[in-house]
Structures are given as structure tokens and as C-alpha cells.
Amino acid sequence: PLAEDGRALVAELERRAAAPDLAGAVELPGAVADPVEELVRASCLLHCAEREPFGMAVLEALAAGRPVVVPASGGPTEIVDDSCGLLYRPGDPASAAEAIVKVVGDPALADRIGAAGRERAKREFGLDRARRGYSRAVAPLLGGRARHRDAHTERAQDLAQARGHAASVECALLTVTHNSAGHLRALLTSTRRHLPRVPIVVVDCASDDGTVALARSFERTRTIALPDNVGFGRACNRGIAEISEPVTILVNPDVELLDDSLLGLVQEALLEDRDERLLAPLVLSPDGSRQDSVHPVPTSAADLVRSLVPPAAVPGRLGVALAPWRSRAPRRVGWAVGCALVARTETLRRMGPFDERIFLYGEDLDLGLRAAANGVETWFWPRARVIHHGAHSSAAAFGGEPFVLLAAARQGVVARHLGRWRAWVDGAAQALTFSSRLVLKRALGRPAAREREQLRALRDSRRSSAGC
């Protein structure tokens, strides 16, 4: 927070950031409601206060797994030690700059102290530890009641630790690879950091870029090297058959874990008083923005309305209904993109989980519609989150986004599960969506080549379908 005279400082910083040597390199986003997504994007946190009594921002950065650069005085020295941050002389910007360069210039160091910081935040500043500390502080005033509350708090912590331990061994993580070495290391490294007890199964589809050797270099990772590229669905089903844990975490190899929040989905899947569900976490782009990873059922009212009205232009609950990935609370959805899903292994095994007739594209939509037909709901659970770096394998294989294959796959899945009439309606809605985006972008003077390609692919796909 800045006082009234802080506006002059902001204006000075904006002028400095616009200078030629910094133009485009500095962002000043101002106040944000929730700093999590900004922390996701950050390399480290610089704390500038010379006399900070505690430093909640420092603790939030540690909890987010980010290294910190803090002045060697006051509260930050109680939060940070040498394992998770760098200290500089208070009031010495050159010393702070040296520390930043050291962290940013050494990604391995940043990863190591970031992970150590998250562990320190859990160990030293967790909620249960804080409650016990307050309980001890007020014990002289409360007498025997304080001892009872302290024991109750310790019991609650023991139960929480037991749940965490159970979740860490009652699930397995499965990924399917094809020439995925460029992204797989980040997935395996982040899984080992945040879910160290969880076994990993890698099913590889005839990679020739060192993916198999990379997977086998990680402990507690079982690698199934298939001699041919059998397609995502068949490879995933092959991996499910090898998993004995009650819950499976299914992720693409270009996914990266930010924390251990997927264990919350594991616990949710294990609840005996809940029906079987497919659980989808919040999916973030590398810049911290949300990806459109969950959707309404094709041709549903929400799906048709958003073909006419851009969801971003609709505020409140209606906007969330049109774009459910914007929700801040768990909600039922029509289907989820398959880059990250959690479900009971038995549920996945019973459903396939994927239709092996589909080589690539549309498997996740098919799974969502087939699950719904069998009474298995799909839920978006934004309390868990991952980063998705993008369609690495298909982009390399097809030289970009394969719009024709995507359009044909969607049309085929909708026709198979919802009927040809609804497939026609869905195609018309898709065409309307792409057309409205194209017109809007042209009106704003922005490039619209992607929308033109999508419309052309949809037209070609519908002609091919009609010919068949």
C-alpha cells in the first residue's frame, strides 16, 4: 500500500520503465485481488522495506515455492534462512541487485531454494503450529481449558498429516509421451518435488528423442516403452492397466506441478460418501492466466449462448456458466480437457478410459460424454492447479494447430454420443463462434488468421462428413 504521495513514486517508476533500456521488460500491474497468479509467474520476490516487523508477502512467496531476496533486518530474518532466500544489506540497492542476479542467473539454485522455502513455510509457519503457539501464549489466562485446546489442535494436526500421508501413497501419476523429452523433465522434477511419495508411470509411444532414457533416470518411475506409436487413448489405457493404487492422476507430459494441491483432488476422489467423478484442476498457462480447460456440454444452452456472446463480456454467475474455467469454486461441468484429470482408478478402468478407435484428438470430450451417460459427473476443482505448457507433440508433428483434425474429431464424437442433428447444431455454433471472433478482431485491428483457419477447417470437416 502506498500513501497519497506514493502516486508520484508510481509515476516516476512508470517513466523509468518506459525508457529505451527497460521498455517492455517491466510490468507495474498495481493492486491485485489474489497474488497467487502473479507469484506463479515470478522468478523471485524482492522485499524492499528496511524496517519490516514481519513480512506476510515474504511468507506467501515461500509458500508459492519462490526464492526471496530480503533485507537482513526485522521480521524477514525470522522467516528466511540461508536455505530458502538471499539477504542483502538494508537500504543498499546494489546489494539487492546482486542477489537478484544470483537467483535469476542460476535456475537450478532458484529451484532448490524455492522448494526449500515451501517446506520451511509448511514446517515453521503452518496453521496448526500457529494455533498451538497462540494456545501456549494465552495458557496462563485460560488455565486447564488451554491444555485441552492445545491437545485438540495437536490431534487435528496428526489427522491432517495422516490424510496427507495416505494421499501420497494411495495414488499414482500417469503420463503418455511421444518425443516429449523437452517437457517431461519439468513434469517429473515438479512431481518429485511436490509429490515425492507418488509413483509415476510413463507410457512412451516409440519416441526417438531420448524420452525413455530421461524417464528411466528418475526414481520411482516405471517406464513402459511401446514399440509403436499406438495413439494417446490406447497408450493411456495400457498405463491404467498397470496401476494398482486406488486413484490415478492423469496428466500430459507438458504439464508442470506448482504445489501438492492435486492431493486435495485425490482425497476428494477417495471420499466414500460421494459418487464417482472425474475431477479437473485449474489449468494455468505459463504466464499465470487461466486456460479454457472445462466446458459445457456441446449444444447445451450455455454452449449455444457463448457462440453468440463472448464469455469475457459477461460478468458474474452467467459469465461463469458460459466459461466455467473462470469459476473460483468447485462446479459441475460438461467435460474437461484431458491435460489433467484425477479419478478413481476403478472408474477409469471400467470406462476404458479412452476409446481406442480415436488415435488423437477428441478423447477427452468422448470420455466426458461417455462418463455422463454412465452416471459419472465431471467437476472443475480450482483449489488444485497445474501449469500446462501447450500441445507440444501435435505442434511438432503437424507444424502448428491441426484445425481440420480437431474439427473432425469433435464432430465425430458429438454425432456418436448426442446424434447427428446435435452434431450439425454444434458445427453451426462453432462456425458462429469463429465468425464472431473474426469480425471482432478485424474491428479492433487485430490479426484474425487463426479464426479464418478454424472456419476453413470446420467447413472442410463438414463437407467430408456430408460426403461420407
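Predicted model: local features only at pLDDT ≥ 70, side-chain atom pairs only at ≥ 80, totals over all residues.
Ser83 sits in the loop that runs between α4 (76-79) and β3 (85-88). Its side chain is joined to that of Asp81 by a polar contact of 2.5 Å. Leaving aside residues up to four places away in sequence, Ser83 touches Ile113 and Ala116. Ser83 and Ile113 are 30 residues apart along the chain, yet their C-alpha atoms are 5.8 Å apart in space.

Next comes helix α6 (residues 107-125), which meets helix α3 (residues 56-63): the two axes come within 7 Å and cross at roughly 115 degrees. On the α3 side, the contact is made by Leu59, Leu62 and Ala63, while α6 brings in Gly114, Gly117, Arg118, Ala121 and Phe125. Sorted by class, that makes five nonpolar residues, two polar ones and one charged one.

As for the nonpolar cores, the largest has 35 residues, and Leu174, Val176, Val203, Cys236, Leu278 and Val294 are the ones with the most contacts inside it. Take Leu174: not counting residues up to four places away in sequence, Leu174 touches Val201, Val203, Cys236, Gly239, Ile240, Ile243, Thr248, Ile249, Leu250 and Val251. Another core, of 30 residues, lies apart from the largest one, and its members include Val198, Phe218, Ile249 and Cys339.

How values were computed:
Residues numbered from 1 in each chain as written. Heavy atoms only, no water. Axes fitted to C-alpha atoms, helices over the stretch in contact; angles between N-to-C directions. Helix = DSSP H or I, 4+ residues; strand = E, 2+ residues; numbered from the N terminus. Contact = heavy atoms within 4.5 Å. Nonpolar A, V, L, I, M, F, W, Y, C, P; charged D, E, K, R; others polar. Polar contact = N/O pair within 3.5 Å; in protein donor to acceptor, adjacent residues only side chain to side chain. Core = buried A, V, L, I, M, F, W, Y, C linked by side-chain atoms within 4.5 Å. Buried < 20%, exposed > 50% of the residue type's maximum accessible area, 1.4 Å probe, protein only.
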